[in-house]
Amino acid sequence: MEEEGLNQNYQLSQSLFKHSGATRAVALYKDKMLTGGIDKKVNLYQRKGENSLWEFVHEFKFFKDYIYSIAGMDDDRFVVGCKDGKVYVCGYHEKSEEFATMEGKFVSASSCLTFKATAVL
């Protein structure tokens, strides 16, 4: 059943194949997209214009376990929650290692991101 005024014709605009296993987390922050997977890696993509495709920029692979969640913090940093119980604060630049690592128990991806907001900022 088609609702009036809605276009039901969608097309896939782009596929990205940089992870060696399942992708568990995706985050958008301005012109950046981060993906995290069971391969213990976070991939950074960037758009050069509003209607352009995503371009692969860099792979971050210093995480100890697979990625639960990702969120952009600001123009310089993003936060990653991992299965190993750690929350990593990282920079977008290629030579980035984590700025800070926090340990603790969290039950879900959303609790990790709440933890980030109260503990890191």
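C82 is buried, with a relative accessible area of 0% (buried means under 20% relative accessible area, exposed over 50%, and partly exposed in between, using a 1.4 Å probe and protein chains only). C82 takes part in no disulfide, and the nearest cysteine sulfur, that of C90, is 8.2 Å away; a disulfide is defined here as a pair of cysteine sulfur atoms within 2.5 Å. C90 is likewise in no disulfide, the sulfur of C82 being its nearest at 8.2 Å, and C90 is buried at 0% relative accessible area. The structure as a whole holds 0 disulfides.

The model is predicted, with local features requiring pLDDT of at least 70 and side-chain atom pairs counting only at pLDDT 80 or more, while totals for chains, interfaces and linings use all residues. Residues are numbered from 1 along each chain as its sequence is written, and side-chain values use heavy atoms, with hydrogens and water left out.

Helices and strands are DSSP runs numbered from the N terminus (helices H or I, at least four residues; strands E, at least two). Strand β6 covers residues 77-82 and pairs with β7 in the antiparallel sense over 5 bridges, where pairing requires that DSSP finds at least two bridges between two strands. Within this pair, G81 stands opposite V87 of β7. The hairpin has 3 residues between its strands, and G85 takes a positive phi near 85 degrees. How many residues of strand β7 are buried? Of the 6 residues in β7 (residues 86-91), 5 are buried, so this strand is largely enclosed by the rest of the structure.

Attention then turns to the open sheet. Its 4 strands follow the order β1-β2-β3-β4, with antiparallel pairing. Strands β1 (23-29) and β4 (54-60) stand at the edges with a single partner strand each, so one side of each is left without a neighbour in the sheet. On average, neighbouring strands of this sheet are turned by 20 degrees against each other, direction ignored; the axes are lines fitted to C-alpha atoms, for helices over the stretch in contact, and angles run from 0 to 180 degrees between N-to-C directions. As a general point, strands of a sheet pair through backbone hydrogen bonds, either parallel or antiparallel. Between β1 and strand β2 (residues 32-37), which run antiparallel, there are 6 bridges, and A25 stands opposite G36 in β2.

K30, in the loop between β1 and β2, has a positive phi of about 55 degrees although it is not a glycine. K30 is exposed, with a relative accessible area of 64%. K40, in the loop between β2 and β3 (42-47), also has a positive phi, near 70 degrees, in a residue other than glycine. At 37% relative accessibility, K40 counts as partly exposed.

Finally, H19 lies in the segment before β1 and is buried at 16% relative accessible area. Its side chain makes polar contacts with those of D39, at 3.0 Å, and N43, at 3.2 Å. A polar contact is a pair of N or O atoms within 3.5 Å; within protein, one must be able to donate a hydrogen and the other to accept it, and residues adjacent in sequence count only if both atoms are side-chain atoms. Leaving aside neighbours within four places in sequence, H19 is in contact (heavy atoms within 4.5 Å) with residues including T35, G36, G37 and K41.
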